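Please look at the sequence and the model before reading on.

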Protein chains: 2
Amino acid sequence: MSGNITLNHGEGGRRTHELIRDVFMKKFGMVEPLTDSAILEGSLVFTTDAYVVDPLFFPGGNIGKLAVCGTVNDLAVSGALPEYIACSFIIEEGFPVNDLLVIVDSMAEAAENAGVRIVAGDTKVVGKGKCDKMFITTSGTGMLDVAKKYISTGERIKPGDRLIINGSLGNHAIAVLGARKQLSFTTPVSSDCAPLNHMIGEVLNNCNGVLFMRDLTRGGLGGVLNELSEIMGNGIVINESSIPVDEPVRGVCEILGFDPLYLANEGKVLIVSSKGMENQILDLLRQDPLGKDSAIIGEVTADKGGKVIIETASGGRRIIDMPSGVQLPRIC
Amino acid sequence: MSGNITLNHGEGGRRTHELIRDVFMKKFGMVEPLTDSAILEGSLVFTTDAYVVDPLFFPGGNIGKLAVCGTVNDLAVSGALPEYIACSFIIEEGFPVNDLLVIVDSMAEAAENAGVRIVAGDTKVVGKGKCDKMFITTSGTGMLDVAKKYISTGERIKPGDRLIINGSLGNHAIAVLGARKQLSFTTPVSSDCAPLNHMIGEVLNNCNGVLFMRDLTRGGLGGVLNELSEIMGNGIVINESSIPVDEPVRGVCEILGFDPLYLANEGKVLIVSSKGMENQILDLLRQDPLGKDSAIIGEVTADKGGKVIIETASGGRRIIDMPSGVQLPRIC
């Protein structure tokens, strides 16, 4: 790798994977990709994420809520019980203390909702113009039931296993875009930003059918499905008409040319269910308000090519590729 | 608290403590101050720090080495064995990939020297002008010998106990300042940035006299001594002529009006030794190249006022107050 860093390197698509492979994995001597979450010796899971969302406040949340929920969800989708969070603030000189108080309040509230404790923190202040208002990095630790380690690797997935998501796609990205561009939507769009650990916990505690989970953040469902097919070496087929997308989000996407499959979410998870268990998982998800619109959207195929195919509403089939450019920068 | 965030809020002095007390502790419902390091249930220690040093490269190190060493040292001074690090990058669009490679190389080297593993990471890219080149947040976990938990609380310190530092003060801050202002010193000044965990480990493994440790970063020795006297409720007296300061650093301080006691270090630790054990600790420290200039610099007094007093080289006595303003912003 050479040249300069571009926005594409931060968007969770092809260039991000190049950066991870050619810089971080190579230099840090890793065999496994350097993801934002690692399972350590014993059953400790350790995760980190930087949040640079612009603007800081958007319908349904703010950078503080986002940072706590994002870290909780990272831990939860690895199958771990989130426990502790450390938060690191980089603040631009002149930032209003009142805004900081609102953001920190949201972090405290999100932590309480998720049942995690914020235990360590750091604050750096940089001069006016040296950062864009505020960035937050949250790190988290959680405990994994070692018997369920296969959830994070996806090693038990087989052809025929079913794909489930817990609700409609794209609300977070469109809510942030709306706040950034001060768009007025006829029907307001709110971020889906929420801690998913209780919903996921209910599923894991009451059913053994979960084979893999991943949160649908940067890169969206399209990015995650491509990562998954790469991990498995198998193909995936999803059904467009089964994928929930709220009407206002669909409208904005049509006007602005976005594909909801690639939009970031902050309260959505892809679950791979072993075949035959999908309805039990669906029922468990739907008992939680965060999963009321859960849907089975497709399945793993025996295709060794490893492509992700969508069957469109009009009866066609097309490939869903790994996202390679920026749709919307700085949505998390 | 109200108004706006100032550079002083990030400098580890009085305003930083106000911010921690009035915002973070209050909102996060904490009894203990929210420090960058927390001891969790069991023996897990968890720490986080953001690095915003300007410039990114300076004699003796760069932001990557600094971030890894800083987190290793945070863990080590709590008495823990540092084990795992997660790193989060915020990078400005257009940042040269070659510079990133050098920084990541330094991180890998520092991690190897310290014997820790970098296990998780995240990268966000923001537009040109939205951050100052690069910020890194490192978080770390380590294991604490629970029998030595008293080291992090300082609860066993008594009047008469001795204060030791492992070498001369201020080199890091002056090296960064020199690089930032492109000053040419007649004798070059290099940052002391280094992982201290092996040196500290040798002391802890071979001697039971360590009652407290703290790394002398933001706020310098003056800041740490004031925190310590606040924790203990006892006074401290230090002897100016016993405090090592390298000649070039002393010279720059005299010209620019800095006090080396408040300058940041990145490879220095304050150790409180129980009375009578100080020479054994000194011998152990001096066996390590990072501790060859170790010195006993003072002691804890029975004064309940809790002031930090320095006996000056000229025979006077003055109070060393908590730093209240910025000497040098963005040195870490």
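The sections below cover the fold of chain A, its surface and charges, and the cysteines.

## Overall fold of chain A

The model is predicted. In chain A there are nine helices and 14 strands. The radius of gyration of this chain is 19 Å, close to the 20 Å that the globule rule gives for 332 residues, so chain A is as compact as a globular protein of that length. Its C-alpha trace spans about 55 × 50 × 45 Å along the principal axes.

Among contacts in chain A with a separation of 6 or more, 82% are between residues 24 or more positions apart.

## Burial, surface and charge

Of the 332 residues of chain A, 62% count as buried. The chain exposes about 12,300 Å², and carbon and sulfur atoms supply 48% of that area.

Chain A carries 30 positive and 40 negative side chains. The centres of these two sets lie 5 Å apart.

## Cysteines

A disulfide is a covalent bond between the sulfur atoms of two cysteines.

Cys87(A) counts as buried, at 0% relative accessibility.

In chain B, the sulfur of Cys253(B) has its closest cysteine sulfur in Cys332(B), at 17 Å, again too far for a bond. Cys253(B) has 4% relative accessibility and so counts as buried.

Definitions and conventions
Residues are numbered from 1 along each chain as its sequence is written. Chains are lettered from A and ligands numbered from 1 in the order in which they are written. This is a predicted model: local features need pLDDT of at least 70, side-chain atom pairs count only at pLDDT 80 or more; totals for chains, interfaces and linings use all residues. Side-chain values use heavy atoms; hydrogens and water are left out. Helices (H or I, at least four residues) and strands (E, at least two) are DSSP runs, numbered from the N terminus. The radius of gyration is taken over C-alpha atoms; the globule rule is 2.2 Å times the number of residues to the power 0.38. Buried means under 20% relative accessible area, exposed over 50%, partly exposed in between (1.4 Å probe, protein chains only). Contact means heavy atoms within 4.5 Å. Accessible areas come from the Shrake-Rupley method with a 1.4 Å probe; for residues, only the protein chains shown count as cover. Lys and Arg count as positive and Asp and Glu as negative; His and the chain ends are not counted. The place of a charge is taken as NZ of Lys, CZ of Arg, CG of Asp or CD of Glu. A disulfide is a pair of cysteine sulfur atoms within 2.5 Å.
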